[in-house]
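Please work through the following exercises with the sequence and the model open side by side. Each task is followed by a solution in steps.

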Amino acid sequence: MLNIILCGAPGSGKGTQSEFIVANYGLEHLSTGDLLRHEIASQSPLGQKVDSIISKGQLVPDDIMMELIGNYIDNLPATAKGVIFDGFPRTVNQAEQLDLLLEHKHQEAHVIDLFVEEDELIERLLNRGKTSGRADDNLETIQKRLEVFHQQTKPVCAYYSEKGKYHAVEGMGTIEDISHRINDIIAAL
Ligand code: B4P
């Protein structure tokens, strides 16, 4: 099994690059952002709860995320070659719990961290906001999301680095160039 965690700030291209990895390696794609937006669109009780959290640029509580992830992993098809975790884990607590879930299945995950300068992140997200209709793609919320990223998600990189499972990638440049950089890392795993 090949499990890859795509980490990086909001707008670093996790969703964009996940599509290439899925196409190249046939992995299952779990975007926690998409999963949560699907819940919001369906107006489920969970969706109503997470809607205001995401709109404020905050992270959804770990217990909710872990329940969603546990269900997802338990229901993976037997033929799955591995998973690309897009935007998960976003806290060290989520990372520790994911490791336990994977260890239980005699698996592990490697992190690929997309590094993009802050000005570029803001520009990309504001551009996306012109068409995405996403409640969190406005300047005020983007700034909050970046703050949350530095406080809560950046420590996840150090967590995996200490385990020798961390790979940084330059996330600036064309989408194709970045995809080649990621492929080089995956090929070496
Ligand atoms: P996500 O949906 O994960 O979204 P993201 O971080 O905003 O975007 P991503 O990095 O995927 O960027 P994209 O490829 O689209 O999270 C949304 C919210 O959900 C979070 O704030 C949080 O509230 C909640 N959430 C999600 N997971 C959670 C968790 N585990 N725990 C708690 N809460 C959670 O790229 C952005 C734009 O840039 C696109 O328009 C793209 O076309 C463009 N782009 C990409 N690469 C480019 C390049 N190389 N050059 C120019 N433009 C590029």
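This is a predicted model: local features need pLDDT of at least 70, side-chain atom pairs count only at pLDDT 80 or more; totals for chains, interfaces and linings use all residues.

**Exercise 1. Helix 2 against helix 3 and helix 4**

Task: Classify the orientation of helix 2 relative to helix 3 and relative to helix 4, and list the residues that meet in each case.

Solution. 
Step 1. Two packed helices are described by the angle between their axes and the distance between the axes.
Step 2. For helix 2 (residues 32-41) and helix 3, the angle is about 120° and the axes are 7 Å apart.
Step 3. Angles of 65 to 115 degrees count as roughly perpendicular and those over 145 as roughly antiparallel, so helix 2 and helix 3 are oblique to each other.
Step 4. The crossing of helix 2 past helix 3 is left-handed.
Step 5. From helix 2, Leu36, Glu39 and Ile40 meet Leu46, Gly47, Val50, Asp51 and Ile54 of helix 3. By class, the residues of this contact are five nonpolar, one polar and two charged.
Step 6. Helix 2 and helix 4 pack with their axes 12 Å apart, at an angle of about 100°. Helix 2 is therefore roughly perpendicular to helix 4.
Step 7. Here Thr32, Leu35 and Leu36 of helix 2 make the contact with Met65, Leu68 and Ile69 of helix 4. This contact of helix 2 with helix 4 has five nonpolar residues, one polar residue and no charged residues.

**Exercise 2. Helix 6 against helix 7**

Task: Describe how helix 6 packs on helix 7, and divide the contact residues by class.

Solution. 
Step 1. The axes of helix 6 (residues 118-132) and helix 7 are 10 Å apart, at an angle of about 135°. Helix 6 is therefore oblique to helix 7.
Step 2. Helix 6 passes helix 7 in a crossing that is right-handed.
Step 3. Helix 6 contributes Glu118, Leu121, Ile122, Leu125, Leu126 and Arg128, while helix 7 contributes Leu139, Ile142, Arg145, Leu146 and His150.
Step 4. These residues of the contact of helix 6 with helix 7 comprise seven nonpolar, one polar and three charged.

**Exercise 3. Two histidines**

Task: Is His110 buried or exposed, and which residues does His167 touch?

Solution. 
Step 1. His110 is placed in strand 4 (residues 110-115), and His167 in strand 5 (residues 166-170).
Step 2. His110 has a relative accessible area of 16% and is therefore buried, the cut-off being under 20%.
Step 3. Beyond four places in sequence, His110 contacts Asn3, Ile4, Ile5, Gly164, Lys165, His167 and Leu189.
Step 4. With residues up to four places away not counted, His167 touches His110, Val111, Ile112, Asp113, Ile185 and Leu189.

Conventions:
Residues are numbered from 1 along each chain as its sequence is written. Side-chain values use heavy atoms; hydrogens and water are left out. Axes are lines fitted to C-alpha atoms, for helices over the stretch in contact, and angles run from 0 to 180 degrees between N-to-C directions. Helices (H or I, at least four residues) and strands (E, at least two) are DSSP runs, numbered from the N terminus. Angles under 35 degrees count as roughly parallel, over 145 as roughly antiparallel, 65 to 115 as roughly perpendicular and the rest as oblique. A crossing is left-handed if the near helix is turned anticlockwise from the far one by less than a right angle, and right-handed if clockwise. Contact means heavy atoms within 4.5 Å. Ala, Val, Leu, Ile, Met, Phe, Trp, Tyr, Cys and Pro count as nonpolar, Asp, Glu, Lys and Arg as charged, and the others, Gly among them, as polar. Buried means under 20% relative accessible area, exposed over 50%, partly exposed in between (1.4 Å probe, protein chains only).
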